[in-house]
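Work through each task with the structure in view, then compare with the solution.

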Amino acid sequence: MTEKAAGRARPGGRAALVVAAVRKATDELLEEVGFEGLILPEVATRAGVNKTTVYRRWPTKVALVTDLFLSRTAEQDLGRDTGSLVGDLVATLQDIVDNLSSPAARAVLSMAIGGALDDTALAAREAFWAERFHRSAAIVERAVTRGELPPGTDARLLMEDASSPVYFRLLVTGQALTDADIELFATRAAQRAGTTGG
């Protein structure tokens, strides 16, 4: 898509088309060259836009990759109702695995480990986790209503308990995760939180 083509889009739609093209190009290049090999002019060329367009909205590749990561995670349907606490936890853990397998997530992790996150990216990361825990709290609220968890259960602690083994496997040991592993982590966390069913 060229900027000229984007300009023929309906009023108000050009910016969205440009953003989508840049994010798609970034995703592709991260897969091909990784975070270290990513350069903004190449993103612009791949997206079919002027590099000034990219620099104006994303002045650094840290800003661009952070934006891509947050846009992908915002699309996830967290906290969906499967009918049981364990089922809800399993679905959430599967979302985490899917999310961390993306090029953008791997790049953000690389930036975090390398200390490359700027103040904007650090603030975005904090907002991301706050929103994720807030949206996941619906899982606990439903479980309390169903009688699976006692009132007053700390949603954040439950989610940390369930998800910590997943992050450890994916980010520390690199050990493969199976569906059985995810089921085990979800069940164990639910039991420790005081579940009476599910």
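**Exercise 1. The overall fold**

Solution. Step 3: The model is a predicted one. Step 4: The protein has 198 residues, and 43% of them count as buried. Step 5: Consider the contacts between residues at least 6 apart in sequence; 67% of these join residues at least 24 apart.

**Exercise 2. The nonpolar core**

Task: Find how many residues the largest nonpolar core has, and which helix gives the most to this core.

Solution. Step 1: The largest nonpolar core has 49 residues. Step 2: Val 22, Leu 30, Leu 85, Leu 89 and Leu 93 have the most contacts inside this core. Step 3: Helices that each supply at least two residues of the core are α2 (14–37), α3 (40–47), α5 (61–74), α6 (85–100), α7 (103–113), α8 (119–146), α9 (155–173) and α10 (179–192). Step 4: The helix that gives the most is α2, with eight residues. Step 5: As background, nonpolar side chains in soluble globular proteins tend to be buried together.

**Exercise 3. α2 against α3**

Task: Describe how α2 and α3 pack, giving the angle and the distance between their axes.

Solution. Step 1: A pair of packed helices is described by the angle between the axes and the distance between them. Step 2: For α2 and α3 the angle is about 120°, and the axes are 8 Å apart. Step 3: Angles of 65 to 115 degrees count as roughly perpendicular and those over 145 as roughly antiparallel, so α2 is oblique to α3. Step 4: The crossing of these two helices, α2 and α3, is right-handed. Step 5: On the α2 side, the residues in contact are Ala 21, Val 22, Ala 25, Thr 26, Glu 28, Leu 29 and Glu 32, and on the α3 side they are Glu 42, Val 43, Arg 46 and Ala 47. Step 6: Sorted by class, the contact of α2 with α3 has six nonpolar, one polar and four charged residues.

**Exercise 4. A residue of α3**

Task: Decide whether Glu 42 counts as buried, partly exposed or exposed.

Solution. Step 1: Glu 42 lies in helix α3. Step 2: Its relative accessibility is 33%. Step 3: Buried means under 20% and exposed means over 50%, so Glu 42 counts as partly exposed. Step 4: Glu 42 and Leu 29 are 13 residues apart along the chain, and their C-alpha atoms are separated by 8.5 Å.

**Exercise 5. α2 against α5**

Task: Give the angle at which the axes of α2 and α5 cross, and state the handedness of the crossing.

Solution. Step 1: The axes of α2 and α5 come within 11 Å and cross at roughly 115°. Step 2: The two helices, α2 and α5, are therefore roughly perpendicular to each other. Step 3: The crossing of α2 past α5 is left-handed. Step 4: Residues of α2 that meet α5 include Val 22, Thr 26 and Leu 30, while those of α5 include Leu 64, Val 65 and Leu 68. Step 5: By class, this contact of α2 with α5 has seven nonpolar, two polar and six charged residues.

Technical notes. Residues are numbered from 1 along each chain as its sequence is written. This is a predicted model: local features need pLDDT of at least 70, side-chain atom pairs count only at pLDDT 80 or more; totals for chains, interfaces and linings use all residues. Side-chain values use heavy atoms; hydrogens and water are left out. A nonpolar core is a set of buried Ala, Val, Leu, Ile, Met, Phe, Trp, Tyr and Cys residues joined through side-chain atoms within 4.5 Å. Buried means under 20% relative accessible area, exposed over 50%, partly exposed in between (1.4 Å probe, protein chains only). Helices (H or I, at least four residues) and strands (E, at least two) are DSSP runs, numbered from the N terminus. Axes are lines fitted to C-alpha atoms, for helices over the stretch in contact, and angles run from 0 to 180 degrees between N-to-C directions. Angles under 35 degrees count as roughly parallel, over 145 as roughly antiparallel, 65 to 115 as roughly perpendicular and the rest as oblique. A crossing is left-handed if the near helix is turned anticlockwise from the far one by less than a right angle, and right-handed if clockwise. Contact means heavy atoms within 4.5 Å. Ala, Val, Leu, Ile, Met, Phe, Trp, Tyr, Cys and Pro count as nonpolar, Asp, Glu, Lys and Arg as charged, and the others, Gly among them, as polar.
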